[in-house]
Amino acid sequence: MRLPGSKSMTARALVLGALSLGASTLRSPLRARDTELMAAGLRAMGCHVSTVDDNLWLLRPRPLGGPARVDVGAAGSVLRFLPPVAGLADGAVTFDGDERSRGRPMAPLIGALRSLGARVDYGTRLPLTVHGIGRVAGGAVTIDASASSQLVSGLLLAAPEFDRGVTVRHSGPPVPRAPHLRMTVQMLRAAGAGIDDSRPDVWVVEPGRLNGRAWDIEPDLLGAAPFLAVALVTGGTVTVAGWPPRSSVQPGGRLLDLMRQMGGAPTLTRQGLVMRGTGTVHGLTADLTDVAELAPVLAALAAVADSPSHLHGMAHLSAHETDRIAALVTGLTQLGADVTKDHDGLRIRPRPLRGTTFATHGDHRLAHAAAVVGLAVDGIRLDDVTCTAKTLPEFPRLWSTMVDGTGAFGGQD
Ligand SMILES: O=C(O)C1=C[C@@H](OP(=O)(O)O)[C@@H](O)[C@H](O)C1
Ligand SMILES: C=C(OP(=O)(O)O)C(=O)O
């Protein structure tokens, strides 16, 4: 199969392109609800973004301005990356989104933006309005980003355009998702930013113009998880074409290590990444701090494994699209698994499972998890599969084609 483009790379390339001198292109971007909302948000502020060609999106930066309204939908990236950009626009930009987004952690970012010189109307929930004056003073700021790495990424991505750049210090429990922060730093550098991340929990971005450029978006390796899980559960083989090299900005190596521990045998070949399984899945003890989006699919695998699992380092998952920890406890328990929550994760002891309805809570990664359990247990029904459009609108088609056994899924060549 061929995977669609990385959600995180697509989001960053769009934001950087809007703040650059000169045009940018995105080759093989992800077309999904989150990235279309990012494009629409930038358009609303005045940037020219053409997404008509599935394989090549085009950005022509123009002066950003309001009044504008931005729908963040359920996208944490739009929610955290665009308010700092709106500070640079001339005029008021109002942000709102799906009910669940209204309460996702934002306060540290708003506090930081205010102390960097932006005027923001925000209580404790969306909607919020940034009253941009075309410039943000910038400077040094300390925030607690333990609830979301996106709080730091959002500040860094816009910072080259701040008069004094930015120095962001994180203070508090560890920031989750170091790989996403590395991706932010690498993509800023690739766009010409001066950025120092040599000290733990401190990021310094110098002021300066970014250059428009051609971005090659890698396939979404985190989105590969449910498809690779198929090999483990069924004892089959799944080949993912176009798997990026080890130097990838995504934590692909970590995904493969975790799947190897659960019984998969991944090899990189000229055809791509080949995952082989035996049909027996092993339990896993792992700290998922850096890759917690994988937790739902790994929890699904753990529920059909031959031994218990302990997945931890995932406390902040309770602030994602839904409270993922609570949803996994309830959903997997209803199927018959023995699941308990501890202070920052889940303990899963497999037991014979029964087919029943699995509540996705409108969360794409919970839908992926239910689909994986459904490979091993008859009669699993998802209460909603349209939520997969957030990051992979083709998910139902890809999955059913694969489960039907035609082997023809993923033809995006
Ligand atoms: O920067 C990014 O592209 C992302 C960062 C992570 O957010 P959190 O740190 O809030 O988990 C991740 O979960 C999200 O899917 C994408
Ligand atoms: C947490 C996720 O998304 P976001 O925070 O970007 O909405 C995700 O895709 O699993």
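Me: Where does ligand 2 lie relative to domain 1 and domain 2?
Reply: This is a predicted model, where local features need pLDDT of at least 70, side-chain atom pairs count only at pLDDT 80 or more, and totals for chains, interfaces and linings use all residues. Residues are numbered from 1 along each chain as its sequence is written, and chains are lettered from A and ligands numbered from 1 in the order in which they are written. Domain 1 (7-207) and domain 2 (222-404), with bounds from an automatic or database domain assignment, both give residues to the shell around ligand 2, so ligand 2 lies between them.

Me: How many charged residues are in the shell around ligand 2?
Reply: The surrounding residues, each with its C-beta atom, placed from the backbone, within 6 Å of the ligand, include Glu293, His320, Glu321 and Arg365. Asp, Glu, Lys and Arg count as charged; Ala, Val, Leu, Ile, Met, Phe, Trp, Tyr, Cys and Pro as nonpolar; and the others, Gly among them, as polar. With 2 nonpolar and 4 polar residues in that shell, the charged ones number 3.

Me: Which element gives the largest share of the side of domain 1 that touches domain 2?
Reply: The centres of the two domains, taken over C-alpha atoms, are 29 Å apart. Their contact (C-beta atoms, placed from the backbone, within 7 Å) takes 20 residues from domain 1 and 15 residues from domain 2. On the domain 1 side, α1, α2 (33-44) and α7 (178-190) each give two or more residues. The largest share, 5 residues, comes from α7.

Me: Which strands stand at the edges of the open sheet of 4 strands?
Reply: Helices (H or I, at least four residues) and strands (E, at least two) are DSSP runs, numbered from the N terminus, and two strands pair if DSSP finds at least two bridges between them. The order here is β3-β4-β2-β14, with mixed pairing. One side of each edge strand has no neighbour in the sheet, because each has a single partner strand; the two are β3 (48-50) and β14 (214-216).

Me: How many residues of helix α6 are buried?
Reply: Buried means 20 or more other C-beta atoms within 10 Å of a residue's own, exposed means 12 or fewer, and partly exposed is in between, with C-beta atoms placed from the backbone. Among the buried ones are Gln150, Ser153 and Ala158. Helix α6 (residues 150-158) is largely enclosed by the rest of the structure, because its buried residues number 9 of the 9.

Note on methods. Two residues are in contact if their C-beta atoms, placed from the backbone, lie within 7 Å.
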